[in-house]
Amino acid sequence: INEYASLNELFTIERMMNDAPFKSAVTKLVKSADPGISEIHLRKRKVPGMSVSLDPLKGEAQVTNEDRELIAVTFQHDAGRKTWALPFEDESLGTRRFLHLAGPLIDLQNKEITLCLDEIEASLHPLLVEAIIEMFQKENPNPSGSQLVFTTHCESLLDNGTINPDKTILRRDQIWFVDKNSKLESKLYCLDEFLVRKSESIRRGYRLGRYKAIPQLFDI
């Protein structure tokens with residue numbers, strides 16, 4: 001592993017501002033997830049700001065007014081003959097999150113990166129999540145040797161895909177569970193440690209508690 005990808009919110013947007021080919025690649029990937037988006041526009045604008053510097057020896061604080069330069073992001077939508085623009089903050093959480101993810105996902109094609117995502121399914125459509133995982137499951141893997149490590153509460157990923165119901169989304173050696181005991185200690189273990197028939201539904205077995213790693217809820 002030569003490099004770790006960071007999902008800082010400005011990671012993708014700042015690079016789009018300064019790298020035209022990268023912006024084109026990100027826009028193409030976002031459009032593939034939401035065909036209603038035809039373009040992503042970026043522009044810099046200055047907003048009033050204030051900075052405070054402290055001098056602990058003198059017990060004084062100096063306040064200065066400074067303009068900050070921000071990047072405004074606008075999504076252009078086309079529907080027939082109608083065109084309209086939505087600012088970044090008015091877009092859905094899923095679109096905003098996928099924009100941030102698009103940069104690292106593109107880098108995975110060219111760099112040896114381990115991309116770590118917490119709750120990969122957050123705000124994303126299940127089919128989009130499956131498509132992201134499929135990028136790493138192709139028979140001829142990316143020559144860069146990139147990896148995706150993610151946590152999820154989406155149990156549907158334990159079994160077959162939606163578009164291709166005859167093919168599992170994840171191999172059994174790729175599925176790891178985390179179980180917490182009464183001392184709040186977490187144990188990490190692989191599905192491969194269990195004897196599971198090839199035709200058995202892993203999702204159903206998980207729901208029945210065969211692999212543990214399910215919450216013990218009180219009456220709510």
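Colleague: A patch is built from residues with over 30% relative accessible area and no salt bridge, joining like charges within 9 Å and nonpolar side chains (Val, Leu, Ile, Met, Phe, Trp, Tyr) within 5 Å. Which residues make the nonpolar surface patch of about 310 Å²?

Modeller: A word on the source: this is a predicted model, where local features need pLDDT of at least 70 and side-chain atom pairs pLDDT 80 or more, while totals for chains, interfaces and linings use all residues. Residues are numbered from 1 along each chain as its sequence is written, and side-chain values use heavy atoms, without hydrogens and water. Areas come from the Shrake-Rupley method with a 1.4 Å probe, and for residues only the protein chains shown count as cover. The patch is made by Val 52, Leu 54 and Val 63.

Colleague: Is Val 52 buried or exposed?

Modeller: Val 52 sits in strand S2, residues 37-55 (helices, H or I, have at least four residues and strands, E, at least two; both are DSSP runs numbered from the N terminus). Buried means under 20% relative accessible area, exposed over 50%, and partly exposed in between. Because its relative accessibility is 52%, Val 52 counts as exposed.

Colleague: Nice. Which elements do the buried residues of H4 pack against?

Modeller: In helix H4 (residues 126-134), the buried residues are Val 129, Glu 130, Ile 132 and Ile 133. Down the axis of H4 they fall within an arc of 160 degrees, so they line one face of the helix (the arc is taken from the directions from the axis to the C-beta atoms). Counting contact as heavy atoms within 4.5 Å, they pack against helix H3 (93-107) and strand S6 (147-150).

Colleague: How many residues apart in sequence are the parts that Lys 23 and Glu 39 tie together?

Modeller: Their side chains meet in a salt bridge of 3.2 Å, N to O (a side-chain nitrogen of Lys or Arg within 4 Å of a carboxyl oxygen of Asp or Glu). Because Lys 23 lies in helix H2 (residues 20-33) and Glu 39 in strand S2, the separation of the parts they tie together is 16 residues.

Colleague: How many salt bridges does the count come to?

Modeller: Another pair is Glu 200 with Arg 210, whose closest N and O atoms are 2.7 Å apart. By the salt-bridge rule, the count comes to 7.

Key: Buried means under 20% relative accessible area, exposed over 50%, partly exposed in between (1.4 Å probe, protein chains only).
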